[in-house]
Amino acid sequence: MGSSSQDYYKDEAVLACILNKSERNFIRNSWQNIQKKKIDLVQIGIDTFVTIFTKHPEAKSNFPFFQDINSVCLKYNIMMRSHSLSVSRMISQAISLIDDYRLFFKELFDLGARHFARKTNIILLELFAATYVSKLVVCANMNQNSERTWRKFLSLVTTVMHKGIQNASEAEER
């Protein structure tokens, strides 16, 4: 029987052991600073996707509308910009919910289920998170501790999304 976001993560201890209060505060404050500096988060998302598609062309199979667009043109593609904006908004929303663990897990679990419907591979989510952090670190001039905390945060995000993908997959099999 599949799990739900409500029964998979039952208490705050799960979230606390993954991201402690100080780390959650750091993520929230650094995101605010990134926004104040007017760092182009949409462009970071686009650059992340282009990097992934260049290094792993098979990843494009998860995005049928990008299949026939080369990397140079993809940087200026309106659908790529729109998807990158959605990713940026999702990260912002996850950060805003980070202290409300039930809603945080529910939103990301449901997002994972929606990504299952699009046949998104969990490896692609992990690859995106790792590449996004690398680009964010450079643009925001972060130190190693900052990078480590961001990697941990996005690992949490992808883990919860993975559970949503897994649950949707199990539900489809039944």
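Guide: Helices (H or I, at least four residues) are DSSP runs, numbered from the N terminus. This is a predicted model, in which local features need pLDDT of at least 70, side-chain atom pairs count only at pLDDT 80 or more, and totals for chains, interfaces and linings use all residues. Residues are numbered from 1 along each chain as its sequence is written, and side-chain values use heavy atoms, with hydrogens and water left out.

The largest nonpolar core has 53 residues; such a core is a set of buried Ala, Val, Leu, Ile, Met, Phe, Trp, Tyr and Cys residues joined through side-chain atoms within 4.5 Å. Buried means under 20% relative accessible area, and exposed over 50% (1.4 Å probe, protein chains only). Ile91, Phe104, Trp150 and Phe153 have the most contacts inside this core. The helices that each supply at least two of its residues include α6 (78-96), α8 (122-139) and α9 (144-173).

Contact means heavy atoms within 4.5 Å. Beyond its neighbours within four places in sequence, Ile91 touches Trp31, Tyr132, Trp150, Phe153 and Leu154. Leu136, in helix α8, counts as buried because its relative accessible area is 0%. With neighbours within four places in sequence again set aside, the contacts of Leu136 include Ile34, Leu41, Ile44 and Trp150. Leu136 and Glu147 are 11 residues apart in sequence, and their C-alpha atoms are 8.6 Å apart.
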